[in-house]
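The following note was prepared for a colleague who asked for a reading of the model.

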Amino acid sequence: ARPVTGPLLGRCPIVPVVVLADAADALPMGEALLAGGVDVVEITLRTPAALDGIRRLAALPGMRVGAGSVVRPDQVDRVVDAGAAFVVSPGTSAAVLDRARARSVPALPGVATASDLMAVVARGLTEVKFFPAGLLGGPAAISALAGPFPGVSFMPSGGLDAATMAGYLALPCVPAVSGSWMVAPELLAGRRWDVVTTEAARALRLAAQ
Ligand code: 3PG
């Protein structure tokens, strides 16, 4: 069993990342993820449908919906008003973190360097997103960066899939991985909810090994 870490990571080891083209897909996608055992989802603010999708998923019992690609403090307000339970950012922004704290939602800042980690740790945060994980050097990069930062949990994101996720989860400082593979745009466009469920369940099984 993985240690429960901060407010976000440590509960579900898989965090699906969604670029939502159509808000009408949000509920069936959320139900498909829940059927596969995954009870968390991150909707990125990269499409016009994102806010409405967050609103719909916030009404799905048992699902924790967060907002991703949050880069400005006004977006924190918009997503929290829509029902987001957490915010994820590609990088570290004091303004975003301040607003998230003011709105009492956990925030997962993105880090890529030791300087980013120093800024995050100075604020008392213990959970970060490592992005873009694949390009930054994968599990070996996290392993090296984690050395001076005991107590920090990393959620790698960017370029992961079912084949590479286990290498990250083998690190004690990685309680969860994130990625879009089980909710890929083509699966959503094709309404392949059965595949979403299968892929979510497969990822959870791999994480449990
Ligand atoms: C993202 O910000 O898009 C996430 O890091 C997911 O990346 P992926 O699409 O490569 O899984």
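**Notes on the predicted model**

1. Arg191 is placed in the loop between helix H9 (185-189) and H10. The model is a predicted one, and in it the phi of Arg191 is near 50 degrees, a positive value in a residue other than glycine. Arg191 counts as partly exposed because 15 C-beta neighbours lie inside 10 Å, and a residue is termed buried if 20 or more are found there.

2. Ser69 likewise deserves a check of its backbone. Its phi is positive, at about 55 degrees, although Ser69 is not a glycine. The loop that holds Ser69 runs between strand S3 (64-68) and H3. Ser69 has 19 other C-beta atoms within 10 Å and is therefore partly exposed, the threshold for a buried residue being 20 or more.

3. A further backbone feature is the cis peptide bond that joins Phe131 and Pro132, with omega at about -5 degrees. Pro132 belongs to the loop between strand S7 (127-130) and helix H6 (133-136). For context, most residues other than glycine have a negative phi, and most peptide bonds are trans.

4. The shell consists of Val17, Phe131, Ser157, Gly158, Gly159, Leu160, Gly179 and Ser180. By class, three of these residues are nonpolar, five are polar and none is charged.

5. Packed helices are described by the angle between their axes and the distance between the axes. Helix H1 (residues 26-35) packs against helix H10 (residues 193-208) at an angle of about 35 degrees, and their axes are 7 Å apart. The crossing of H1 past H10 is right-handed. On the H1 side the contact is made by Pro28, Met29, Ala32, Leu33 and Ala35, and on the H10 side by Trp193, Val196, Thr197 and Ala200. This contact of H1 with H10 comprises eight nonpolar residues, one polar residue and no charged residues.

6. The second pair is helix H3 (residues 73-82) with helix H4 (residues 94-102), packed at an angle of about 30 degrees with axes 8 Å apart. Here too, H3 passes H4 in a right-handed crossing. H3 contributes Pro73, Val76 and Asp77 to the contact, while H4 contributes Ala95, Val96, Asp98, Arg99 and Ala100. The contact of H3 with H4 contains five nonpolar, no polar and three charged residues.

7. Which residues have the most contacts inside the largest nonpolar core? They are Ile43, Ile54, Ala67, Val79, Val87 and Val177, in a core of 64 residues. Ala67 touches Ile43, Leu45, Ile54, Val79, Ala84, Val87 and Val88, leaving aside residues up to four places away in sequence. In soluble globular proteins, nonpolar side chains tend to be buried together.

8. Ile54 is also among the buried residues of helix H2 (residues 50-58), which are Ala50, Leu51, Gly53, Ile54, Arg56 and Leu57. Arg56, a charged residue, is thus listed with the buried residues of H2. The buried residues of H2 pack against H1, strand S2 (40-44), S3 and H3.

9. Glu31 and Cys173 are 142 residues apart along the chain, and their C-alpha atoms are separated by 30 Å.

Notes: Residues numbered from 1 in each chain as written. Predicted model: local features only at pLDDT ≥ 70, side-chain atom pairs only at ≥ 80, totals over all residues. Axes fitted to C-alpha atoms, helices over the stretch in contact; angles between N-to-C directions. Helix = DSSP H or I, 4+ residues; strand = E, 2+ residues; numbered from the N terminus. Left-handed = near helix turned anticlockwise from the far one by under 90°. Contact = placed C-beta atoms within 7 Å. Core = buried A, V, L, I, M, F, W, Y, C linked by C-beta atoms within 7 Å. Buried ≥ 20, exposed ≤ 12 C-beta atoms within 10 Å, placed from the backbone. Near = placed C-beta within 6 Å.
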